[in-house]
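Open the model in a viewer and keep the selection panel at hand. The stops below are given in the order in which to select them.

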Amino acid sequence: EAPPVPGAERVPLALGPAGLSPHGIVRALGALGLHRILVEGGARTISAFLDAGAIDRLHILVAPVILGSGRTGLD
């Protein structure tokens, strides 16, 4: 377990069969009064939020250089 970070709050979330639920994350943060959430992640993270319908606005930033041969931008 990581040491506590000053000014940060740990929010426990239940794991489902597929890992963390995007809706569970949004609900937990909403219960803390956070209604605008920036989700920054790779293809798997963004695709999970899109598939769950847990995004109401999507901004896509594309880097001008591609490094390596990892996953595609969106699954």
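A residue is called buried under 20% relative accessible area, exposed over 50%, and partly exposed in between, with a 1.4 Å probe and protein chains only. Helices (H or I, at least four residues) and strands (E, at least two) are DSSP runs, numbered from the N terminus. The model is predicted: local features need pLDDT of at least 70, side-chain atom pairs count only at pLDDT 80 or more, and totals for chains, interfaces and linings use all residues. Residues are numbered from 1 along each chain as its sequence is written, and side-chain values use heavy atoms, with hydrogens and water left out.

**Whole chain**

Select the protein chain. It holds 2 helices and 0 strands. Of its 75 residues, 12% count as buried. The chain exposes about 6,700 Å², and carbon and sulfur atoms supply 60% of that area; accessible areas come from the Shrake-Rupley method with a 1.4 Å probe, and for residues only the protein chains shown count as cover. Contact means heavy atoms within 4.5 Å. Among contacts between residues at least 6 apart in sequence, 49% join residues at least 24 apart.

**Helix α2**

Select residues 43-51, which form α2. Which residues of α2 are buried? They are Ala43, Ile46, Ser47 and Phe49. These cover an arc of only 160° around the axis, which puts them on the same side of α2; the arc is that of the directions from the helix axis to the C-beta atoms. An α-helix has 3.6 residues a turn, so residues three or four places apart point the same way.

Turn to the face of α2 directed away from its buried side: Arg44 and Asp51 are exposed there. Thr45 also lies in α2, and counts as partly exposed because its relative accessibility is 33%. Just after α2, select Gly53, which takes a positive phi of about 70°.

**Helix α1**

Just after α1, Gly33 takes a positive phi of about 90°.

Stay in α1 and pick Ala28. Ala28 counts as buried because its relative accessibility is 18%. Leaving aside residues up to four places away in sequence, Ala28 touches Val11 and Leu13. The C-alpha atoms of Ala28 and Val11 are 7.5 Å apart, while 17 residues separate the pair along the chain.

**Surface patch**

Finally, select Val11, Leu13, Leu15, Leu20, Val26, Leu32, Leu34 and Ile37, which make a nonpolar surface patch of about 640 Å². Patches are made of residues with over 30% relative accessible area and no salt bridge; like charges are joined within 9 Å, and nonpolar side chains (Val, Leu, Ile, Met, Phe, Trp, Tyr) within 5 Å. A salt bridge is a side-chain nitrogen of Lys or Arg within 4 Å of a carboxyl oxygen of Asp or Glu. Within the patch, pick Leu15, found in the segment before α1. Leu15 counts as exposed because its relative accessibility is 67%.
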